[in-house]
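Dear colleague,

I am handing over a structure for your records, and it is placed directly below. My notes on what was found follow it.

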Amino acid sequence: MGQADRNEKIQVLFAGQKGTAKTDINGYWEVSLKALEAGGPYELQVIGRDNRINIKDILIGDVWLCSGQSNMQWVVNNVTNAEAEKKNANYPQIRALNIPRRMELSPKDTISATWLVCSPETVGRFSGVAYFFARKVYEETHVPIGIINSSWGGTIVETWTSMEASNTLPQKRLNRYNKDGKLLPPIEYFAQKNQNAGRNDYPSLVYNAMIHPLLPLAIKGVVWYQGENNVGNAEPYADWLSCMIGDWRKRWNTELPFYIIQLPNFDSTNKKPLWAEIRDAQCKVLTVPETHLIVTSDLGETHDLHPRNKQDVGMRVALQALHHEYERTDIVSESPMFDHMEINGNKIVITFKNIGSGLEIRSRYGCLQGFAIAGEDKKFYWAQGKLENNQIVVWSPEVPNPIAIRYNWENNPDGNLYNKEGLPACLFRTDTW
C-alpha cells in the first residue's frame, strides 16, 4: 500500500507477480499478492504515472508486534553483556522497525520509520526482549523474523486501547474518566477540560499514534510486556487488557496470539503485595483464547525496575511461540500452574499442570520456599513443604486446620519451585480475602 495522486494507476511487480490498483479520493492505494514461502531477498517495483520506486533486499517471513512499556522499550545497548551480544549479532534475516513514541487525539494512518537489518552496528537500538526472542525463533526455524517495537515507557494499558473498544467496557471501568456514561472523543474531552493531554490521561491516545498506523501490516502475533504503571490498580487490569486484546484482534481481523510477559520480582517500597496483584491480574487474562503467560518471577532485580537480563525473558517467550506457532510440540514451554488442592488433615496437597518432565525444588538443601497457608482466622503463615510424586505437600504448626494457600504472593518473591526444564512456577492464591 502507499500514496500517490488521486485516481493514479499503480502497478506493482514482486517475485514474478504483478498487481495493479487505482488510488482512492485521498490518494491511497493497496495491492494484494499471493503469499510466498519464507525466504528472499526479493526486489519490489512500484510504478506510477511519472515515477518508479525500486525497493531491494525484501524478505518473506513472520512479523511480530512487540509492545508495552519501558521493559519492552529497553534496548540491547543496555542489557547484560551488551558488548558481547552486539559483537555476535550477525543476523541479516532479522529486521527491526522502531515506532516513534508519540500520542494523538485521533487515529493516524501513517508513521515515519525505517526497517533496520540486524548487525553488530544496528542491534544496539533493537528492543532487547524482542531481539532475543527473534534470535531464538530464527535459529530454530530459519524463518526471517521482523520485529516491530511499538513501546513507550511509563504508559498504562488504557492508552493502548482504542476509543471504540474502551466504550464497550462496563461503566465501572470508565468512571475514572466519565461517571455519567460513555467516553467522549479525546478532542471533545480535553476541550471541555480546557487542558492539554498527557499520554496516560485518557484511553486511546497512544493507540492512535503507535498501533492504528500498523493495522495494514500482516503480523504473526503480539508480545506484550506492560503493567508496571498499572501497579496499585490491579482490579480493573484484566478487563482492560482483555478488551485491548479483543480490540487489536478485531482490527487486524484475525485471532492474533498474545504472549503476555508477567511482571518480574521487584522490591517495591510499598510493602502491600501490589506487584503480586498485577501479576495475578495478568494470569486472569488467560481465560481469553490464544493467550499465553511468560513467568519471570526469578528474572527481576530487587532494587531495579529495569532488569538487564533480557536474554532469558526473550528466550522464554520464544519457547512458547515455537511450541504454539511453529509446531515445535517437543519443546516444554509453559511454567507450572496451579491446578487444584486437597486438604488432608493438617496438610494441603497441591497439584500443578505444565510440569514438563517433572517438578523440582531449586535449593541446595532441598528446602521449599514461597508457600503460605491460613486457617479460618485468615492469617497466613509460612509453610514447610516437600515434593512428593510431582505434587507439593505443605503444612505449618501454626495452622492445624488449613483452608487456603498462596504461592509467591509478594512483590519480590523467593519461591523456588520449577519444572525440570527450568521454568518457574506461577504465583497463585486460593483465597479471595
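Asn354 is partly exposed, with 31% relative accessible area. Please note that the structure is a predicted model. Asn354 sits in the loop that runs between β15 (347-353) and β16 (359-361), and its phi is positive, about 60°, although Asn354 is not a glycine.

Asn194 is a further non-glycine residue with a positive phi, here of about 55°. Its place is the loop between α6 (186-193) and α7 (205-210). Is Asn194 buried or exposed? With a relative accessible area of 69%, Asn194 is exposed, because anything over 50% counts as such.

Strands β2 (residues 9-14) and β3 form an antiparallel pair with six bridges. Within this pair, Gln11 is found opposite Thr20 of β3. Two residues lie between the strands of this hairpin, and Ala15 has a positive phi near 50° there.

Gly40 and Pro41 are joined by a cis peptide bond with an omega of about 5°. Pro41 belongs to strand β5 (residues 39-47).

Next come the salt bridges, of which the count is 23. Three of them are described here.

- Arg102 and Glu104 meet through their side chains at 2.6 Å, N to O. Arg102 is partly exposed at 26% relative accessibility, and Glu104 is partly exposed at 23%.
- Glu140 and Arg328 form a salt bridge at 2.8 Å, N to O. This pair links distant parts of the chain, 188 residues apart: Glu140 is in helix α3 (residues 128-141), while Arg328 is in the loop between α10 (311-325) and β14. Glu140 is partly exposed at 31% relative accessibility, and Arg328 is partly exposed at 24%.
- Arg173 and Glu235 form a salt bridge at 2.7 Å, N to O. Arg173 lies in helix α5 (residues 171-174) and Glu235 in the loop between β11 (221-225) and α8 (237-252), so the pair ties together parts that are 62 residues apart in sequence. Arg173 counts as buried at 9% relative accessibility, whereas Glu235 counts as exposed at 57%.

Which residues join Glu140 and Arg328 in a network of salt bridges? Lys136 and Asp330 are linked with them in that network.

Finally, I turn to the second largest pocket. It holds about 290 Å³ of space. Its lining consists of 13 residues, and those nearest its centre are Asp280, Cys283, Lys284, Phe428 and Arg429. Two or more lining residues come from each of α9 (274-284), β14 (337-344) and β23 (428-429). Which element gives the most to this lining? That element is α9, with three residues. Sorted by class, the lining of the second largest pocket has seven nonpolar residues, five charged residues and one polar residue.

With kind regards

Technical notes: Residues are numbered from 1 along each chain as its sequence is written. This is a predicted model: local features need pLDDT of at least 70, side-chain atom pairs count only at pLDDT 80 or more; totals for chains, interfaces and linings use all residues. Side-chain values use heavy atoms; hydrogens and water are left out. Two strands pair if DSSP finds at least two bridges between them. Helices (H or I, at least four residues) and strands (E, at least two) are DSSP runs, numbered from the N terminus. On a 1 Å grid over the protein atoms alone, a cavity is a set of points where a 1.4 Å probe fits but cannot get out, and a pocket is an open set with protein on both sides within 12 Å along at least five of seven lines; lining residues have an atom within 4 Å of a point. Grid points are joined across faces, edges and corners, and a volume is the space filled by probe spheres set on the points. Ala, Val, Leu, Ile, Met, Phe, Trp, Tyr, Cys and Pro count as nonpolar, Asp, Glu, Lys and Arg as charged, and the others, Gly among them, as polar. Buried means under 20% relative accessible area, exposed over 50%, partly exposed in between (1.4 Å probe, protein chains only). A salt bridge is a side-chain nitrogen of Lys or Arg within 4 Å of a carboxyl oxygen of Asp or Glu.
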